[in-house]
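Here is a short note for reading alongside the structure. The points cover salt bridges and then the core.

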Amino acid sequence: MKLIALMVMRNEEWVVGASLRAALRWCDGAAILLDRCTDATVDIVREIAKETDKEVCVSETDEAEHWDEMHHRQKNLEDGRGMGGTH
């Protein structure tokens with residue numbers, strides 16, 4: 001069993017540090033999908049990815065004005081499965 005945290009986020013700098021670090025305490029890795037972030041979210045996620053020995057897959061989307069939640073969640077799930085995640 002390999003537990004992968006799945007996170008879709010946009011402009012979450014206020015909470016991403018605590019939530020990603022907490023998830024990585026219990027999960028084997030994390031798949032992060034960043035959607036058009038304009039704050040420091042991207043930098044914080046990349047910093048945490050460097051400080052952990054667990055796998056962190058970071059994907060970014062730049063679809064200008066279109067939010068397709070199911071598409072984003074499916075992409076995030078595929079990234080998690082691509083990391084070998086079973087749960």
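1. A salt bridge is a side-chain nitrogen of Lys or Arg within 4 Å of a carboxyl oxygen of Asp or Glu. The side chains of Lys75 and Asp79 form one, at 2.8 Å from N to O. Both residues lie in helix α3 (residues 69–82), four residues apart, about one turn of the helix. Helices are DSSP runs (H or I, at least four residues), and strands are too (E, at least two), numbered from the N terminus.

2. This is a predicted model: local features need pLDDT of at least 70, side-chain atom pairs count only at pLDDT 80 or more, and totals for chains, interfaces and linings use all residues. Residues are numbered from 1 along each chain as its sequence is written, and side-chain values use heavy atoms, with hydrogens and water left out.

3. How many salt bridges does a search of the whole structure find? It finds seven. Arg21 pairs with Glu51, their closest N and O atoms being 2.8 Å apart. This pair links distant parts of the chain, with Arg21 in helix α1 and Glu51 in helix α2, 30 residues apart.

4. Buried means under 20% relative accessible area, exposed over 50%, and partly exposed in between (1.4 Å probe, protein chains only). Asp79 is buried at 12%, while Lys75 is partly exposed at 32%.

5. A nonpolar core is a set of buried Ala, Val, Leu, Ile, Met, Phe, Trp, Tyr and Cys residues joined through side-chain atoms within 4.5 Å. The largest one has 15 residues, of which Met9, Leu20, Ile32 and Val45 touch the most other members. Its largest share, four residues, comes from α1.
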